[in-house]
Amino acid sequence: MASSSNKSLREMKMSSLLSSLMSEYPNESTMEAILQENKALLIEPILNGPPGGDYSIYDQNMTVMERFDRYKQVMQERVDSALNAKVKKVLAFMMNFVVSNFREE
């Protein structure tokens with residue numbers, strides 16, 4: 001239980017999101033609906049930067065487009081390094097959703 005108390009709310013939401021996507025794979029329409037419901041969770045850190053205190057792939061001084069580029073780079077690395085084919089496909093599906101739905105405000 002101690003390990004879950006060390007997780008941020010965002011980390012817990014992302015973990016739940018990934019679990020939902022994994023359980024619905026390969027039903028892409030349901031996966032798309034799940035991602036639509038969580039669009040703000042996925043895109044908000046790119047638009048607004050990392051929340052204070054949380055682990056982040058972003059630096060505080062990055063521009064929106066630098067964060068977007070960093071997101072694509074890190075997600076592609078995660079897809080490429082995933083050993084499980086299902087995980088690889090779910091991560092790629094999520095990355096493609098974010099890339100296709102991102103709009104700089």
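This is a predicted model: local features need pLDDT of at least 70, side-chain atom pairs count only at pLDDT 80 or more; totals for chains, interfaces and linings use all residues.

Biologist: OK, and how many residues has the largest nonpolar core?

Modeller: It has 29 residues. Those with the most contacts inside it are Leu17, Leu21, Leu35, Leu42, Tyr71 and Met94.

Biologist: Which elements give two or more residues to this core?

Modeller: Helices H2 (9-24), H3 (28-37), H4 (39-48), H5 (64-81) and H6 (85-101). H6 gives the most, with eight residues.

Biologist: New topic. How many aromatic pairs does a search of the whole structure find?

Modeller: One. The ring centres of Phe68 and Phe102 are 4.1 Å apart and the planes are at 10°, so the pair counts as stacked.

Biologist: Where do Phe68 and Phe102 lie?

Modeller: Phe68 is in helix H5, and Phe102 is in the segment after H6. So the pair ties together parts that are 34 residues apart in sequence.

Biologist: Is Phe68 buried or exposed? And Phe102, buried or exposed?

Modeller: Phe68 has 7% relative accessibility, so it counts as buried. Phe102, at 11%, counts as buried too.

Biologist: What does Ile43 touch?

Modeller: Val98, Asn101 and Phe102, not counting residues up to four places away in sequence. Ile43 sits in helix H4. Its relative accessible area is 6%, so Ile43 is buried.

Biologist: How far apart are Ile43 and Phe102?

Modeller: In sequence, 59 residues. In space, 6.8 Å from C-alpha to C-alpha.

Notes
Residues are numbered from 1 along each chain as its sequence is written. Side-chain values use heavy atoms; hydrogens and water are left out. A nonpolar core is a set of buried Ala, Val, Leu, Ile, Met, Phe, Trp, Tyr and Cys residues joined through side-chain atoms within 4.5 Å. Buried means under 20% relative accessible area, exposed over 50%, partly exposed in between (1.4 Å probe, protein chains only). Helices (H or I, at least four residues) and strands (E, at least two) are DSSP runs, numbered from the N terminus. Rings of Phe, Tyr and Trp (its six-membered ring) pair if their centres lie within 6.5 Å; planes under 30 degrees apart count as stacked, over 60 as edge-to-face and the rest as tilted. Contact means heavy atoms within 4.5 Å.
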